[in-house]
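Biologist: I would like to learn how to read the inside of a protein model. Could we take the packing of side chains and then the sheet?

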Amino acid sequence: MKRILIFSGTTEGRELAESLRDTKVDVIVSVATEYGKECMDVEESSNITVHVGRMDEVQICQFIRENQIAFVVDATHPFAAEVTRNVEKACTKTDTEYVRCVRDWQGWEERGVHVIPVDSVAQAVETLQNTTGNILISTGSKELCEYTKISDYQQRCYARVLSTRSSVEESIRLGFEGRHLIAMQGPFSKEMNLALLNDLNVRYFVTKESGKSGGFLEKVQAAKESGAVLVVIGRPIEIGKTPKDTKKIIENWVRLC
């Protein structure tokens with residue numbers, strides 16, 4: 001039986017894995033953490049298993065060879081650029097068929113929303129250093145340390161991070177705690193975002209341009225209604241296939257197995 005490896009941790013990855021349930025191929029879904037496995041919400045079955053653990057390029061090569069992977073799908077987060085590079089390099093070195101699934105992006109109407117576009121978290125922080133008012137940070141815990149460069153960050157900044165022990169502990173270590181730390185799993189509705197923005201009297205709402213499945217449009221809508229300024233870290237430019245096209249490619253591959 002042929003074996004396919006899906007690097008996931010996203011809605012797209014979960015849906016692609018589910019589309020292969022009970023087919024004639026073995027499916028291995030790779031996620032970084034146990035929390036990622038829970039969020040996948042993919043019930044393991046006779047042909048679907050989930051592998052937990054981060055892998056670098058060398059480890060991916062080894063995993064592909066040891067598990068006799070015939071086809072690899074990279075459906076990781078659009079901002080996980082290093083993972084995508086490692087997957088692509090590993091597939092090239094092992095001569096394994098590969099496709100990058102690129103998240104669908106919808107244009108969004110900026111009218112009525114004050115938007116400050118930036119290229120990185122570091123640039124967002126540089127911009128926010130010269131402002132006043134409360135800041136809601138929804139860019140994750142990985143680069144949260146950058147925000148400690150903002151004057152009075154412990155009074156001004158509120159961090160919304162994943163509800164994992166590592167994320168919460170790192171946030172607390174950096175000085176985000178009590179009312180200034182919100183640990184929840186997204187994506188969030190417009191109503192949830194709006195309630196938080198209003199309750200915390202947020203002036204600046206920092207987010208990554210994470211696309212439809214990442215709840216980005218709901219953030220835009222909430223910022224518009226609350227009057228908060230949206231600081232948007234632009235998405236990286238990627239080359240790949242849409243989820244719809246990726247699914248067709250996989251279906252054709254399965255048909256030929």
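Biologist: Which residues does Leu 144 touch?

Modeller: Contact means heavy atoms within 4.5 Å, and, leaving aside residues up to four places away in sequence, Leu 144 touches Ile 137, Ala 159, Val 161, Ser 171, Leu 174 and Phe 176. This is a predicted model, in which local features need pLDDT of at least 70 and side-chain atom pairs count only at pLDDT 80 or more, while totals for chains, interfaces and linings use all residues. Residues are numbered from 1 along each chain as its sequence is written, and side-chain values use heavy atoms, with hydrogens and water left out.

Biologist: How many residues does the largest nonpolar core have?

Modeller: In soluble globular proteins, nonpolar side chains tend to be buried together. A nonpolar core is a set of buried (under 20% relative accessible area, 1.4 Å probe, protein chains only) Ala, Val, Leu, Ile, Met, Phe, Trp, Tyr and Cys residues joined through side-chain atoms within 4.5 Å. Here the largest has 23 residues, and Leu 144 and Phe 176 are among those with the most contacts inside it. A second, separate core of 19 residues includes Phe 71 and Trp 253.

Biologist: In what order do the strands of the open sheet lie?

Modeller: Strands are DSSP runs (E, at least two residues), numbered from the N terminus, and two of them pair if DSSP finds at least two bridges between them. The 5 strands of this open sheet follow the order E3-E2-E1-E4-E5, with parallel pairing. Its edge strands, E3 (48–52) and E5 (97–100), each pair on one side only. Strand E4 (71–74) joins E5 over 4 bridges, and the bridge partner of Phe 71 in E5 is Glu 97.

Terms used
Buried < 20%, exposed > 50% of the residue type's maximum accessible area, 1.4 Å probe, protein only.
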